[in-house]
Amino acid sequence: MRKPLRKAVLPVAGLGTRFLPATKQMAKEMLPVVDKPLIQYAVEEARAAGIEQFCFVTGRGKTMLVDQFDVAYELERTLVERNKTKELAMLHAQAMPPGSVVSTRQQVPLGLGHAIWCARAFVGDEPFAILLPDDLMLCDVSCTKQLVDAYNETGGNVVAIEAVPKERVSSYGVIDPGATTGNLVEVKGLVEKPPIEKAPSNLTVIGRYVLMPEVMGLLATQEKGAGNEIQLTDSMAKLIGTQPFHGVLYEGRRFDCGDKAGYLEAQVAFALARPDMAPAMRDILKKYAQ
């Protein structure tokens, strides 16, 4: 029987240098889109997929990421005193069950693969999801839920994929595609940041994964790849042929919030998707549409 998918790892140790000076004191994953930080969007997406336990792989000075999901007694008491029932109900609705969030430290920045390996004790022998909060997803059905559904169907590793212009493939992990059934694409190979002329396709992996625990044993070798970092893609590629491996052409839109232009676009898209904010955002856009 397939083990249920209950766990998610969120690597959040990055310094966010592209957003300095905003990230000098604040974790980049706490940057808000409209009125909610990136980390909370990721956690809510995973919870919508049935994920119950979360491990944040953090770095120095990033305790606020865990604090975001703790009970704020003083704030709640003030809301009660001021009869802010709507705001209080919102906080209660977003509350996490006790013990559902843990954190571990990535002491040195050795790459995404190393960050995931730091969560090996949390993962144990269970399948697990990975969510990169920089990739903000706007989907009718949670992107992670789409991957979980594919895992339940195939019983193996699943990654979210999307097509990009050929000239951009050198910035991503790229799959060598096999048979396609609906939105499910067999993965025959994976390569991290290939030169354009050597890319096996223009189907790239984005920041959503469901992986089997065996990947931890491969990451434990600490082999360095592209950028002289321990690449998650390299270890995932070694699972191909030993376990089912598929890509999901997810339904929805991705916003790269590690990039300033992508972050600004996300503000517009998420505001327009909200009935309470859409009229104001349309008025703003008209003012600057020159």
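## The second largest pocket

This is a predicted model, and its second largest pocket has a volume of about 630 Å³. Of the 26 residues that line this pocket, Gln 40, Gln 68, Asp 70, Leu 91 and Gln 94 sit closest to its centre. Sorted by class, the lining comes out as 13 nonpolar, six polar and seven charged residues.

Helix 4 gives the most, with four.

## Helix 3 against helix 4

Helix 3 (residues 73-81) packs against helix 4 (residues 85-94) at an angle of about 145°, and their axes are 9 Å apart. Leu 75, Glu 76, Leu 79 and Val 80 make the contact from helix 3, with Glu 87, Leu 88, Leu 91 and His 92 on the helix 4 side. That's five nonpolar, one polar and two charged residues.

## Met 30

Look for Met 30 in the loop between strand 1 (7-11) and strand 2 (32-33). Met 30 counts as buried because its relative accessibility is 14%, where the cut-off is under 20%. Leaving aside residues up to four places away in sequence, Met 30 touches Pro 37, Ile 39, Met 64, Leu 65 and Gln 68.

## The largest pocket

The largest pocket has a volume of about 1500 Å³. Its lining takes in 49 residues, with Gly 14, Lys 28, Leu 112, Leu 132 and Asp 134 nearest the centre. Strand 11 gives the most to this lining, with four residues. By class, the lining has 19 nonpolar, 16 polar and 14 charged residues.

Terms used:
Residues numbered from 1 in each chain as written. Predicted model: local features only at pLDDT ≥ 70, side-chain atom pairs only at ≥ 80, totals over all residues. Heavy atoms only, no water. Helix = DSSP H or I, 4+ residues; strand = E, 2+ residues; numbered from the N terminus. Buried < 20%, exposed > 50% of the residue type's maximum accessible area, 1.4 Å probe, protein only. Contact = heavy atoms within 4.5 Å. Axes fitted to C-alpha atoms, helices over the stretch in contact; angles between N-to-C directions. Nonpolar A, V, L, I, M, F, W, Y, C, P; charged D, E, K, R; others polar. 1 Å grid on protein atoms, 1.4 Å probe; cavity = no way out; pocket = protein on both sides within 12 Å on 5 of 7 lines; lining within 4 Å. Points joined across faces, edges and corners; volume = space filled by probe spheres on them.
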